[in-house]
Amino acid sequence: MRDAPLDLDGIDWERTAFGLICPDAVVRHLGTSIVRRLGEAGFRPLAWRCLWQRPLELDAYFERNITQVWHAYLYRLADRVFEFGPTVALLLHDERPVDGVPTHQRLRAVKGSSEPARSTPGTIRADLGLINVTLGLMHSADSAEESRHEAEVYVGPGGWTAGQDPADLYAHLAALESMRPPERRGYDEVLAGLRARIVAVLWHGLPAAAREQADKLLAGGVAALAAPGAGARLADLMDEPHPLLPALRCEYLPGEPRLDTDRLRALLRAHGSDLDPWEDLVLATSMRFEPRRAS
């Protein structure tokens, strides 16, 4: 028998919030932890849907932001996140409302800030370790009106299923997370890996002083390789120019000279190496939004 669709008109949107478990949370195997934390805070999953591709209506939904508020690159970054892997859309019912605190505001406090520097311990994003604003683990709507609207845009009025068992959500998340090993690398690990990869490509052409410096960086592990200026100091020791030296110098942070990651991948491939999709996503987003650092 076909599952009955959930009637969105019958939902109390003042007590029900739309949310997303984003692809970065799924690949890091944090989806089940997020749902568990939400449940402990009193937010019960009322319905959910796995989104395997970018919703077709998203352009129309974000049209005003694209043309009036955002820069085009912000929308392209959002596209890249959706393309990275599956997203889980949720309707969360507030089982423990607090007098004077709207449900959406309460959920926002449980979720925590999307900016690492403002994300406080005890919130989901801080405790589970968001990467940056774009790779912030989860999303939730800011109001009852936005929740209703986003529920239709992302899933569709007939796309939600009534009477779902939360145990099924945990099982589905377990299946999604088991598709690949958990991603453990943050910004520092990604940057350190890239710099080590460039050193390996350049190895036979490194002059003595550069090779000595490279030895020190490699011995120091992630902390040394990802330290600010580490790549530039090594690049300064090279005798001859090389097309990968700008990538070695780059800090991949806001306010710094930026590199197009598609061009970076092409350069690495020309020298027998590459960026994997997670590295590409972390570097591309961290050049626009300050990432959480290991320190």
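Predicted model: local features only at pLDDT ≥ 70, side-chain atom pairs only at ≥ 80, totals over all residues.
Residues are numbered from 1 along each chain as its sequence is written, and side-chain values use heavy atoms, with hydrogens and water left out.

Helix α2 (residues 31–40) packs with α9 at an angle of about 155°, their axes being 9 Å apart. Helices are DSSP runs of H or I with at least four residues, numbered from the N terminus; axes are lines fitted to C-alpha atoms over the stretch in contact, and angles run from 0 to 180 degrees between N-to-C directions. The angle makes α2 roughly antiparallel to α9 (over 145 degrees). Contact, meaning heavy atoms within 4.5 Å, is made by G31, T32, V35 and R36 of α2 and by L169, Y170, L173, A174 and E177 of α9. By class, five of these residues are nonpolar, two polar and two charged. Ala, Val, Leu, Ile, Met, Phe, Trp, Tyr, Cys and Pro count as nonpolar, Asp, Glu, Lys and Arg as charged, and the others, Gly among them, as polar.

T161 is placed in the loop between α8 (144–154) and α9 (166–177). T161 counts as buried because its relative accessibility is 19%, the cut-off being under 20% relative accessible area with a 1.4 Å probe and protein chains only. Leaving aside neighbours within four places in sequence, T161 is in contact with D3, A4, L6 and A47.

## Packing of α10 against α16

Helix α10 (residues 187–202) and helix α16 (residues 277–286) pack at an angle of about 110°, with axes 10 Å apart. This makes α10 roughly perpendicular to α16 (65 to 115 degrees). Y187, V190, L194 and R197 of α10 meet W278, E279, V282, L283 and S286 of α16 in the contact. The classes here are six nonpolar, one polar and two charged residues.

## Nonpolar cores

A nonpolar core is a set of buried Ala, Val, Leu, Ile, Met, Phe, Trp, Tyr and Cys residues joined through side-chain atoms within 4.5 Å. The largest has 39 residues, and those with the most contacts inside it are L194, I198, Y252, L264 and W278. Helices that each supply at least two residues of this core include α5 (72–84), α10 and α16. The largest share, eight residues, comes from α10.

Not counting residues up to four places away in sequence, I198 touches L244, A247, L248 and L268.

Technical notes: Parallel < 35°, antiparallel > 145°, perpendicular 65-115°, else oblique. Buried < 20%, exposed > 50% of the residue type's maximum accessible area, 1.4 Å probe, protein only.
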